[in-house]
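Visitor: I am new to reading protein models. Can you walk me through one?

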Amino acid sequence: MSYEWIAIVMFAGMMLMLMTGQRVFGAIGFVGAVAGMLLWGTGGVEIPFSAAMKLMKWYPLLTLPMFIFMGYVLSESKIADDLYRMFHVWMGPVKGGLAIGTIGLMVLISAMNGLSVAGMAIGATIALPELLRRGYDKILVTGTIQAGSSLGILVPPSVVLVLYAMIARQPVGQLWLAGVIPGLLMATMFIIYIYVRARMQPNLGPAMHPEDLAEYEQVTDHPLRLNFIVLGALVLVPLLILSGAMETKSALGVALALGLLSFLTRKNATFYKDVFMKEKYRLLFSGVLPLAIFAAMMVPFVNGWTSLVESSAIGAMTAFLAAVLKGRMTKDVFETSVRSTLGISCMFMWIILAALAFGAIFDGLGAVKAIEDLFTTKLGLSPWMILILMQLSFIVMGTFLDDTAMLVIVAPLYVPLVGALGFDLIWYGVLYTITTQIAYMTPPFGYNLFLMRAMAPPEIGLKDIYVSIIPFAAVMVLALALIMVFPQIALWLPEYVYGK
């Protein structure tokens, strides 16, 4: 049997296993292990074992539980509720402002949690009821939440890009940086669409009346507490690093010690001052917190002061301290965050292991070279035509698979083929994430559509959800086309940072 036919049989066997309802990692890993044994005898089973060892030795994988823990801490401690109230107050007077604020909320949530499902859950539980109560069109609202949640796997720290980095053997840091500008571009395009649509049809997103905002103009009974130790740390630690008086890791240790000290003295009035102000100004500081956590994590990494793993640990610790200082780190919040982190991390590790095992067998066959010859020599397709066909295949698979499953199924074929065709694998990682989001937001069987239906109130039907996503999917296709035509949209930032 030729290598091409062996590759086809492997893919057919894998799809058959998936159709029987087997877990993704079980189906892929089983096919890879059995194929290795049939091709090379009992020694072939050493290939999946070797993949397991490669996974265990991949140091950047430690970022996975760190960022997942950070996201769950910020989500379970209800810091997202404060964020939404901030956008509610400051964007409410604008036509479509609450929907625009929801996109802003999703951007910040994405910077705190690298999973799109988390953004969907927060948007559906916090923003959706309030937007409907304020008279917003239900179709606009559901489309906004689904589109905003799609930023979760593009804006760093994206968990899915960590998975892609492992399978494609690309640097996680460069992939994250490559997702920043495309993610902000898509968010900006969503906001422009909502604003223009609300201006043309004001009934879809009415502005809030001044009387609705009157309560936020009053001086709040809940003061903003300024902790002198925290403020001192924010000034002292950057100065120590920039002046060279202390090594970065030592300065970060000082920051951690000061954070612990601020927690121990949080009830001692000597170390803090309560500032009373209007509620809308107090809420404005809610938006500073996730940005501060993101900055504490990414600034040292971008400047080369810390490694990626160290930055992820800083992010997790900063999020934990923020929840503690706000008095929201209860036993239930901590237990839920740890359990969820363990479950999600183990799931991703099994999936990565299965994908590496399958990919090792596939590489050993030389099937990628054979398929490249089939497309370019026998069929006469250009590299761009092959790339577009790959993207279209994601759209089809997205009707019944999520982004992770799509990646591990086709990565052994697509990733080497993209490299062989001369395309940049960092750039392709961004294309992949956008395309898969479009895929499972697209009717009739998009993954996100049914997730939204499960979270939406009874008055929002499946037809409404189908209709709501069409204009946002069109915006995402436009963003995808721009990034394909102008690759520097994705590549400029990683080239600039790593060029330094």
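Visitor: Which residues does Phe190 touch, not counting residues up to four places away in sequence?

Guide: First, a caution: this is a predicted model. Phe190 touches Ile103, Ala147, Ser150, Leu151, Phe472, Val475 and Met476, with residues up to four places away in sequence left out.

Visitor: Which residues touch the most other members of the largest nonpolar core?

Guide: Phe190 is one of them, and so are Tyr164, Leu387, Met390, Trp427 and Tyr428. The core holds 137 residues. Its largest share, 12 residues, comes from helix H16, residues 331-365.

Visitor: Now helices. How do I describe a packed pair?

Guide: Two packed helices are described by the angle between their axes and the distance between those axes. Take H14 (residues 288-302) and H15: their axes come within 8 Å and cross at roughly 160°. An angle over 145 degrees counts as roughly antiparallel, so H14 and H15 are roughly antiparallel to each other. H14 passes H15 in a right-handed crossing.

Visitor: Which residues make the contact?

Guide: From H14 come Leu289, Ile293, Ala296, Met297 and Phe301. From H15 come Leu308, Ser311, Ile314, Gly315, Thr318, Ala319 and Ala322. They divide into 9 nonpolar, 3 polar and no charged.

Visitor: Is Ser311 buried or exposed?

Guide: Buried means under 20% relative accessible area. Ser311 has 2%, so Ser311 is buried. Ser311 lies in H15, which spans residues 308-325.

Visitor: What does Ser311 touch, not counting residues up to four places away in sequence?

Guide: Ser311 touches Met297, Phe301 and Thr306. Met297 and Phe301 belong to the H14 side of the helix contact.

Methods: Residues are numbered from 1 along each chain as its sequence is written. This is a predicted model: local features need pLDDT of at least 70, side-chain atom pairs count only at pLDDT 80 or more; totals for chains, interfaces and linings use all residues. Side-chain values use heavy atoms; hydrogens and water are left out. Helices (H or I, at least four residues) and strands (E, at least two) are DSSP runs, numbered from the N terminus. Buried means under 20% relative accessible area, exposed over 50%, partly exposed in between (1.4 Å probe, protein chains only). Contact means heavy atoms within 4.5 Å. Axes are lines fitted to C-alpha atoms, for helices over the stretch in contact, and angles run from 0 to 180 degrees between N-to-C directions. Angles under 35 degrees count as roughly parallel, over 145 as roughly antiparallel, 65 to 115 as roughly perpendicular and the rest as oblique. A crossing is left-handed if the near helix is turned anticlockwise from the far one by less than a right angle, and right-handed if clockwise. Ala, Val, Leu, Ile, Met, Phe, Trp, Tyr, Cys and Pro count as nonpolar, Asp, Glu, Lys and Arg as charged, and the others, Gly among them, as polar. A nonpolar core is a set of buried Ala, Val, Leu, Ile, Met, Phe, Trp, Tyr and Cys residues joined through side-chain atoms within 4.5 Å.
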